[in-house]
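Biologist: Can you walk me through this one? Keep it short, please.
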Amino acid sequence: MKLSVQQIGAVSVLNISGELDARTAPQVNSFFQDKVASHSTNVVVNLKGLEYSSSAGIRVFLGMAREMRNQGGDLRIAEVDPRVDKVFRLSKFDKIVRIFPAVDDAVQSFQSDSR
Amino acid sequence: MNTSPFEKGSTVEFLDEIPDGYVEADRDGRVTFANLSFIKALGFSERKEIIGKHLWMFTRKQYLRGMKLTYQTVIESGLPSDYVQIIYDGKNGYYFVGEAAISPLQEHGKVRGTRSMVRDVTHRFETERERAFQKDFLDALLYQAPIAIATIDKTLKISLVNPAFQRLFRCSAEEAEGKPMEHFLSATELKDRLNEYGGQRSPDTAFISGQQRLNNGAMAELEVSVQPFFAGSINYGHLVFCNDITDVRKAEVELVNTTTAYRSVLDTLQDAYFEADARGYITYVNQPLVEATRYDSKEDLIGLHFRHLVDYDSRIFFLNAFKKLFETRQPIRSLQIPYLTKAGTRFSSEVVASPIIDEGIVTGTRGIIRDVSARVQAEELLKAAKEAAESRARELTSLNRLAQQVSRSLNLREILETACREMTRIFPVQSATVALMDHKNHLLKVKASYGKRSPDRFSGDQMIFGEPLDNEVLRDVIEEKQVQIVTGEGGDAAAERWKALFGESGIKALMLVPLITRGETLGCIGMVHRKPGALFHPDQVELAETVTSQIASAMENARLYAQTERALDVAERDLEIGREIQSGFFPRSIPSIQGWEIATFFRAARQVSGDFYDVYPIGKSGYTGWLVADVCDKGVGAALFMVLLRSLIRSSSEQSGDLPPGELLQETISRVNNYVVRLHGRSNMFATLFMGILDPDRGHLHYINAGHEPALVIGPSGMIINELIPTGPAIGFSDEIPFEVGDLPLLPGEIVISYTDGFSEARDMQCLMYSGERFIREATGVWPSAYSVVKHLELDVFSHMGDQVQLDDLTLVGLRRKQDKEVPCHRLTRKAELKNLSHFRNFVAESCRLFQVEEEITESMKMAADEICSNVILHGYQGLPAGDLTVTVEYHESEVRIVTEDAGHPFHPEVTSGPDLGNDINKRKIGGLGIYMVKELMDEIVHERKSGKNHLTFKKYIHHH
């Protein structure tokens, strides 16, 4: 699994690729706490290249989204692989978090919010 | 103490600086001293890592005997040896080919050991060997080709003919070789074209055909093509292909002349015959055409449009040819076109057709389709070999050119520019300039400058170095390696010469420092004062010397770096080529055999080392051949050898396809071995292999183990019931020791495992070997399928290796006889640990794919298995040491079923309450999601607690379409 973060204006983009399961999910969480949560409350999670996610992945995203919303921000997701999308739909996660086809769309959605 | 007289300061330093390896050993061959070049070439970093070890440890196996003998002779005779070539093996796969001269170390008139100078000749050795291989490879192809081929030199004299040539022209190789080609192709049309063609080095292929009288007086119609051949820079002359098309022509002539009473004869023809009407619809075919195209019957084909038999890409081409036939009424003499079978498989063919003329009107066409796959294949193989050899030569040349440029400038310039800038910072000077020696013209050339002011202000600096070296000051710097300080004022003669220059450019003082590395002056650095009254202090001289020595060593590093980069680049490219060759020759699919299953595993090491396996049906015999082999070398040479071996074994066994399996096997391996010994003796290549021939109906296995790891037979009870140990030497060792054939019945539930020593020799982080014993221990067990045991051994060897680099290829083939009416199933047991989680889910997905379950269901099974396994791993053994988790995937008539078993805490999926999936994020509970998803994904979940174990079964129904 590969993790990286980049800043686009006030929005942090967290890139996750590889496979997300009970073994790798804790790494995502601690990366998020160290590198993202302290800088930003508006986060886009870019899942391009994430080929697999189990419920452990959903749990991490859920925790992250909750934290951002409690601080007045939000977490949005972009570039979801069909295999991962299946898990999102199954767990009804797509009902709680806004999902965008492209990272740019997700970043822009924050900018139009603040206008 | 057995210390070396060389362990005294300066001599050791000297030895460490020479590029050749130097090693001293005692009478037993234990190393007492080695220089840095030798140590580094073996991949070590410190002397103490080598001292005290036997030299034999670093000698490749096949050189060991010779090396020990040479050492013994030197010690006993007290005389130095001739140069010997040895491959040295070091740490982490480091190796090099050394040319060593061994001489005695005398002390008080007695020989107390040896000293050797070892020159690294790896590059030369490998280039030579590769050339030899390319040539051998071609020889092999020529030897096998079904068409007559001769190689001719520039004077059109024959240098080599293959067996097919000897058959066609009814002559022996001795009779043909050395004779001019026109002796065989005497027909004027052939001769003229050949002469015309042979005179030029045109890259085109010439096709000629004509009547030719053969040695025994018979006439034959030949189609001759000529191709030039280059491998690398070596010109092998031309290849002349002679294809006997007498029968085709005869049939064609008969076709045109006969209109009646031929149909009954047509079925006895070997070639496929067709008739079609003017619109292209088939009106008649003979039996061979039905068989060749795999249609059910003649009726199946008649009425079909001809385009169905023609490969899509060739249709336009085909159409035009037939259009021309109708327009000109001229027969099509030879149309090379692939045809399609009913199932869509392509075969190369040659079509000959003529018009059907009825009362002056062309009403249709009739013709013959001849399967020329074998010929085309041989030609393509040759073409591919030729192209590979040529492109390799091209690559090497361009690589060298590029590397030279890199080592000459790129990083060096950066270093020099940085150096100049740094000098102006360290010293209170206005500018600094570096000039390097141009030894050819015996002058200094400015390579970089840096000034604190605008460039024109320090242009004078550069003029200083433009002086010829007969300038005394510069000569002292370069030749005497002395720092020189020149001022505008001083009365010395040297300064006089520069006075004018100083005045012009405002230079007040100048310091020149030589750049020295390994005792050689590379050039010098000049630093310039322009401020009036500025002087260089004597203590600045020492500082300048220190700084320039650092720059010089940086330059040396840059040079070395560029060299290493170049070497690595070439090695990496070599590797890629080797891998490509290797991967292209693994079977694309494993044949399925009724009542049997075969599972394979292969993982290439970083270095190509020539493992391979093959599983294939032997001709029409009904037998299946399978082999696992290990070519005992590395690199492109090994890969080429592997390819050669594989094709030889395949073609050889197919040729003997009508023999009983034991004889077939012996014939195949002996023939291949003799061939390798005869043609490859000089390259010292050999391979160990295990080859089995299975008669699937009788359940009987014949095998030859040629110096390979023993194959294991695992019984249905899980015990190892047989070890199939070597029955002969490695291939290529000797043509005098016969290969024995072993045979045994294989009963239902029995598994044969064959593998390569990549397994037994796999090392962990502490360099401990996996070992054959552990392999046997881990293979012992009740396995429901071949894939189960292969997967287990694969995961077990990788868990042993950890993060250690894989040094050798890993190859494993498992063959299992199915039991009557068994439920197809695969099983995997690992520790319930997070690191195994991905293994479990990938195993489930792979098992489903082996059962050909559709992808959608496979994905669901994988996800469900992941959730269940995560649960067992995270909670099942909480507070206990991690126990085993077993996952079984079963394939039933109407469902795919997964069963997980663990000995952890009792687990009840139905008790775990479902998660709250409401839309309020703060109310939503986080746990329980996994189990909820499994329930959504699966059609049925059952939990049982049996004899202290959790058995969780989950199923997905499948529908057969």
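**Around one methionine**

Modeller: Leaving aside its neighbours within four places in sequence, Met117(B) is in contact with Ile18(B), Asp20(B), Gly21(B), Tyr22(B), Glu99(B), Ala100(B) and Ala101(B). Contact means heavy atoms within 4.5 Å. This is a predicted model, where local features need pLDDT of at least 70, side-chain atom pairs count only at pLDDT 80 or more, and totals for chains, interfaces and linings use all residues. Residues are numbered from 1 along each chain as its sequence is written, chains are lettered from A and ligands numbered from 1 in the order in which they are written, and side-chain values use heavy atoms, with hydrogens and water left out.

Biologist: Where is Met117(B) found?

Modeller: Met117(B) is in strand β5 of chain B, residues 110–120. Helices (H or I, at least four residues) and strands (E, at least two) are DSSP runs, numbered from the N terminus.

Biologist: Is Met117(B) buried, exposed or partly exposed?

Modeller: Met117(B) is partly exposed, at 34% relative accessible area. Buried means under 20%, exposed over 50%, and partly exposed in between (1.4 Å probe, protein chains only).

Biologist: Now chain A. How many helices and strands does chain A have?

Modeller: Chain A has four helices and six strands. The order along the sequence is β-β-α-β-β-α-β-α-β-α. Of its 115 residues, 51% are buried.

Biologist: What share of the contacts in chain A with a separation of 6 or more is between residues 24 or more positions apart?

Modeller: That share is 70% in chain A.

Biologist: Next, the interface. How many residues of chain A are in contact with chain B?

Modeller: 24 residues of chain A are in contact with 26 residues of chain B. Tyr52(A), Arg66(A) and Leu90(A) supply 25% of the area that chain A buries against chain B, more than any other three residues.

Biologist: What area do chain A and chain B bury between them?

Modeller: About 2400 Å², with 60% of it on carbon and sulfur atoms. Buried area is the accessible area (1.4 Å probe) that two parts lose on being put together, summed over both.

Biologist: How many salt bridges cross the interface of chain A and chain B?

Modeller: The rule finds three there. A salt bridge is a side-chain nitrogen of Lys or Arg within 4 Å of a carboxyl oxygen of Asp or Glu. One salt bridge joins Lys86(A) and Glu856(B), at 3.9 Å from N to O. On the side of chain A that touches chain B, α2 and α3 of chain A are the elements that give two or more residues. The largest share, nine residues, comes from α2(A).

Biologist: Let's switch to helix α25 of chain B. Why is α25(B) largely enclosed by the rest of the structure?

Modeller: Because seven of its nine residues, in the run 929–937, are buried. Among them are Leu929(B), Tyr932(B) and Leu937(B). The cover over the buried residues of α25(B) includes α2 (55–70) and α3 (82–90) of chain A. It also includes α24 (855–876), β34 and β35 of chain B.

Biologist: β35 again. What does Lys955(B) form a salt bridge with?

Modeller: Lys955(B) pairs with Glu895(B), and the closest N and O atoms are 3.7 Å apart. Lys955(B) lies in strand β35 and Glu895(B) in strand β33 (residues 895–902), both of chain B, so the pair ties together parts that are 60 residues apart in sequence. Lys955(B) and Glu895(B) are both buried. Salt bridges that share partners join Glu890(B), Glu895(B), Arg897(B), Glu940(B) and Lys955(B) into one network.

Biologist: And how many salt bridges does the structure hold over all chains?

Modeller: The structure holds 35. Another one is between Asp26(B) and Arg30(B), with the closest N and O atoms 3.8 Å apart. Asp26(B) counts as buried at 12% relative accessibility, while Arg30(B) is partly exposed at 32%.

Biologist: Last topic, backbone angles. What is phi of Ser947(B)?

Modeller: Phi of Ser947(B) is positive, about 35 degrees, although Ser947(B) is not a glycine. Most residues other than glycine have a negative phi. Ser947(B) sits in the loop between β34 (940–946) and β35 (949–957) of chain B. Ser947(B) is exposed, with a relative accessible area of 75%.

Biologist: What about Arg170(B), where does it lie?

Modeller: Arg170(B) is in the loop between α5 (163–169) and α6 (173–176) of chain B. Its phi is positive too, near 50 degrees. Arg170(B) is partly exposed, at 46%.
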